[in-house]
Amino acid sequence: MTRVLVPGGVLGLGFDTRALQHGIAARPDIIAIDGGSTDSGPNALGTGVSKYSRAVTRSEWAELMAARSRAGVPLIIGSAGTAGTDAGVDWMLDITREIARERNEHLRIAAIYSQVTPETVLAALDDGRITPLDPAPSCTPEIIRSCTHIVAVQGTEPFMAALESGADIIIAGRATDTATIAALPLMRGNNPGACWHGAKIGECGALCSTEPLSGCILIEFDADGFTVWPTAPTARCTAQSVHAHMLYENADPHRLHEPGGTLDVTNAAYNDIADGAVRVTNSRWIPTDPYRVKLEGAAPAGARTLILALIRDRHYVRNAETWKDHLLAHLHATIRDRTTFDPASYTIEIRLIGINATLGNLENCHSEPTEVGALCIVNAPTQPIATEIAKLCNPFLLHFPLQGCTEMPSFAFPFSPAELDCGPQYAFSLNHLMTLSDPMDTSRMVLVET
Amino acid sequence: MRVIGDIATVRSKNAGPFVLTIDVFCHKAATYTLLRHFLTTGTVATTLGCDGNAVTKFTLPDLHVIKFSLPRPIIQGCPADRDMHGAQFSNLIAELALPEDANLPAQ
């Protein structure tokens, strides 16, 4: 039997301190938490910088390190620093060392890196070891070479190796959300289907319970299945809340592909048992051969500058679409006449907030808003060019008149400067599997003592 | 005119950067029975402007849930993407008109 405490859906998102204390009191064998995902977009992978505040991450991690010390069990984080790049692992390692120094704690830390070089991926492409998922962007050598970071999404094997090394704390690069949780119960020979299924249910912490914000969840794995319950006193898991978590961010609610196999929950049985706990059995793990890991890559995609102009004038609000079309034509003509920028190299888009900014052409609800935000988005190859084009757009976003209006209008700019530089942009450029001869091929473990 | 959102809860979210998934929580067996037939892959494809063959439908009778997964209308984070988490596409499904003769309780 193995008890895994998952203190929250992701480090940096918060958890209930009391729920954590209850979780520790239940004597877990390990504490496991996720450190990231692709869900916030390609920036974290492109830059290697965490989307979460360092201060909040540090504060939560210090609390988890103290809890780990009290429980005397290992603490694991996967996908460190949001995207799980090498820089993300080093960022978490740095935070961990700081806290260990403050606590005067002597720890064995296993850092597991899973960033792969473009050369590694190119060699695999040559060997026919790269398989596109559906849908996938085209994977050319040029695109692979252009990626600032490529990470391999690790399975449980690197965590098992780190646990075998006797690490107190494991900080891993990109890994599946489930691998951090499933590793120890799998090592102990608990039911493999249950290990992966329970890990999936617990990966978002208390999201599978009636109080998602309480964070903490306990999963007990055994030879036949798993039992899951939230540790916040008033929270409960129900058969419905646990089962429904298989829907969340999953393309297929019955089957989940993982490194080394597929979890099949088609016949899983969810049963409410006492005290807000749910018992789950009949989960199947189907091993796959060869062993494949998913690759995630982000390539540079130019730079961006924004200008927001606010329109409250009723005549302009009513005619915002026409105003936008005429303004764009005017802007492109001005750039053509007054600059040497290649028209194919940049884009200017104006999204009308209040009209259809969220859904674009798919919007089918039309009513007259009180005001409209004209969000001008300039994409260009470099930041100086994007800024320059936005500066050129600036006076027209402020003053461009509708045809027939003799008075020059002025709209509301909420900021000075009006141009907001977003910096370098990135695009997800890989949705591919890489076949490995050994599950550890894309992982490198470094042991650090504090 | 009643719409799907009057009788069910619709949620959309990324399933990775390349796939969008839409969950329709029907709450009641009668709602589930109606929407299971009413909501087709073709309806979802037309509403989200994609190819019907690209949409996969799952029905989960135990949960009274109908689920659709499809290639994201725009890859997450591309310049033309407007919704990084794919969270607001759900409204297009929630605002679909129910058949005139549907006789259903509110959720």
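A pocket is an open set of grid points with protein on both sides within 12 Å along at least five of seven lines, and its lining residues have an atom within 4 Å of a point. In this predicted model, the largest pocket holds about 1400 Å³ of space. Its lining comprises 47 residues, and those nearest the pocket centre are A:Leu133, A:Leu256, A:His257, A:Lys294 and B:Ala15. Both chains contribute strands to this lining: S11 (255-258), S12 (261-264) and S16 (291-311) of chain A, and S3 and S4 of chain B, each supply at least two residues.

Two cavities of 30 Å³ or more were counted, and the largest cavity has a volume of about 50 Å³. Residues of chain A line the largest cavity, namely A:Leu11, A:Gly35, A:Ser50, A:Tyr52, A:Thr57, A:Ile77, A:Ala80, A:Gly81, A:Thr82, A:Trp91 and A:Met92. At least two lining residues come from each of strand S3 (75-82) and helix H4 (86-103) of chain A. The largest share, four residues, belongs to S3(A).

In chain B, four strands make up an open sheet in the order S1-S2-S4-S3, with antiparallel pairing. Strand S1 (9-14) and strand S3 (56-60) of chain B each have a single partner strand and stand at the edges, so one side of each lacks a neighbour in the sheet. From one strand to the next, the twist averages 15°. Strands of a sheet pair through backbone hydrogen bonds, either parallel or antiparallel. S1(B) and strand S2 (residues 19-25) of chain B run antiparallel and are joined by six bridges. Within this strand pair, B:Arg11 lies opposite B:Asp23 of S2(B). Helix H3 (residues 41-48) of chain B lies across S2, S3 and strand S4 (65-71) of chain B, and its direction makes an angle of about 50° with S4(B).

Another helix of chain B, H2 (residues 29-38), contains B:Tyr32. B:Tyr32 has a relative accessible area of 7% and is therefore buried, the limit being under 20%. Beyond four places in sequence, the contacts of B:Tyr32 are B:Cys26, B:Thr59, B:Leu60, B:Pro61, B:His64, B:Val65 and B:Ile66. B:Gln88 is 56 residues from B:Tyr32 along the chain, and the two C-alpha atoms are separated by 22 Å.

Two buried positions of chain A were considered individually. A:Thr38 occupies the loop between strand S2 (30-36) and helix H2 (43-47) of chain A. With 12% relative accessibility, A:Thr38 counts as buried. Its contacts, with residues up to four places away in sequence left out, include A:Arg174, A:Glu296 and A:Phe428 in chain A, together with B:Gly16, B:Pro17 and B:Gln76 in chain B. A:Gly297 belongs to strand S16 of chain A and is buried, at a relative accessible area of 0%. When neighbours within four places in sequence are set aside, A:Gly297 is in contact with A:Leu45, A:Cys147, A:His149, A:Ile150, A:Ala427, A:Phe428, A:Ser429 and A:Leu430. The C-alpha atoms of A:Gly297 and A:Ala100 are 33 Å apart in space, for a sequence separation of 197 residues.

Helix H7 (residues 157-164) of chain A has A:Pro158, A:Phe159, A:Met160, A:Ala162 and A:Leu163 as buried residues. The cover over these buried residues of H7(A) includes S2, S3, strand S4 (108-113), strand S8 (169-172), helix H8 (179-187) and strand S21 (444-449) of chain A. Just after H7(A), A:Gly166 adopts a positive phi of about 80°.

A disulfide is a covalent bond between the sulfur atoms of two cysteines. Over all chains, the count of disulfides is zero. For B:Cys78, the closest cysteine sulfur is that of A:Cys147 at 13 Å, which is too far for a bond; the cut-off for a disulfide is 2.5 Å. B:Cys78 is partly exposed, with a relative accessible area of 24%. A:Cys365 is likewise partly exposed, at a relative accessible area of 43%.

How values were computed. Residues are numbered from 1 along each chain as its sequence is written. Chains are lettered from A and ligands numbered from 1 in the order in which they are written. This is a predicted model: local features need pLDDT of at least 70, side-chain atom pairs count only at pLDDT 80 or more; totals for chains, interfaces and linings use all residues. Side-chain values use heavy atoms; hydrogens and water are left out. Buried means under 20% relative accessible area, exposed over 50%, partly exposed in between (1.4 Å probe, protein chains only). Two strands pair if DSSP finds at least two bridges between them. Axes are lines fitted to C-alpha atoms, for helices over the stretch in contact, and angles run from 0 to 180 degrees between N-to-C directions. Contact means heavy atoms within 4.5 Å. On a 1 Å grid over the protein atoms alone, a cavity is a set of points where a 1.4 Å probe fits but cannot get out, and a pocket is an open set with protein on both sides within 12 Å along at least five of seven lines; lining residues have an atom within 4 Å of a point. Grid points are joined across faces, edges and corners, and a volume is the space filled by probe spheres set on the points.
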